[in-house]
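Let's take a walk through this model together, from the overall fold to a few local details. Keep the viewer open and follow along.

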Amino acid sequence: MWVTSLVGGGLGFILAAMGAVSILGGWGLLKHQEWARILIIILSILSLPGVPVGTALGVYGLWVLFSEEVSVMFRRRPTGHPTAATEL
């Protein structure tokens with residue numbers, strides 16, 4: 001009985017940690033941070049073996065994050081305050 005409790009607790013901890021990392025990555029994506037794009041690419045790759053839903057979400061995440069539009073969006077911007085002209 002203690003073995004299943006240990007395994008279940010460990011699995012629960014891993015899933016909770018993955019969820020927290022996913023939330024952190026989503027927050028970073030909203031802020032257009034390059035590290036968040038890389039983090040979500042890694043999480044998308046890790047979700048690929050989860051057939052069928054994980055595979056579908058992983059493929060979609062990779063497809064979106066590797067697209068040219070998103071790549072341009074996440075390129076490093078020069079430091080300083082953005083102006084209205086540079087945000088367009």
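Predicted model: local features only at pLDDT ≥ 70, side-chain atom pairs only at ≥ 80, totals over all residues.

The protein chain has five helices and zero strands, and along the sequence its pattern reads α-α-α-α-α. Residues are numbered from 1 along each chain as its sequence is written, and side-chain values use heavy atoms, with hydrogens and water left out.

Let's begin with the whole chain. Of its 88 residues, 19% count as buried; buried means under 20% relative accessible area, exposed over 50%, and partly exposed in between, with a 1.4 Å probe and protein chains only. The accessible surface comes to about 7000 Å², and 75% of that belongs to carbon and sulfur atoms. These areas come from the Shrake-Rupley method with a 1.4 Å probe, and for residues only the protein chains shown count as cover. If you look at contacts (heavy atoms within 4.5 Å) between residues at least 6 apart in sequence, 37% of them join residues at least 24 apart.

Which residues make up the largest nonpolar core? I40, I41, L43, L62, L65, V70 and F74 form this set of seven. Both α2 and α3 give two or more residues to this core, and α2 gives the most, with three. A nonpolar core is a set of buried Ala, Val, Leu, Ile, Met, Phe, Trp, Tyr and Cys residues joined through side-chain atoms within 4.5 Å.

Leaving aside residues up to four places away in sequence, F74 touches L29, H32, Q33, E34 and R37. Two of these partners, E34 and R37, form a salt bridge, with their closest N and O atoms 3.4 Å apart. The count of such bridges comes to one, the rule being a side-chain nitrogen of Lys or Arg within 4 Å of a carboxyl oxygen of Asp or Glu. E34 and R37 are three residues apart in helix α2, so they are separated by about one helical turn. E34 is partly exposed at 23% relative accessible area, whereas R37 is buried at 10%.

H32, also touched by F74, lies in the loop between α1 and α2. Its phi is near 60°, a positive value in a residue other than glycine. In the loop between α2 and α3 you will find P52, and the peptide bond from V51 to P52 is cis, with omega near -5°. Most residues other than glycine have a negative phi, and most peptide bonds are trans.

Now for the aromatic rings. Y60 and W63 form a tilted pair, 5.8 Å centre to centre with 55° between the planes. Rings of Phe, Tyr and Trp (its six-membered ring) pair if their centres lie within 6.5 Å; planes under 30 degrees apart count as stacked, over 60 as edge-to-face and the rest as tilted. Y60 and W63 are three residues apart in helix α3 (residues 53–65), so about one helical turn separates them. Y60 is exposed at 52% relative accessible area, and W63 is exposed at 63%.

Note on methods: Helix = DSSP H or I, 4+ residues; strand = E, 2+ residues; numbered from the N terminus.
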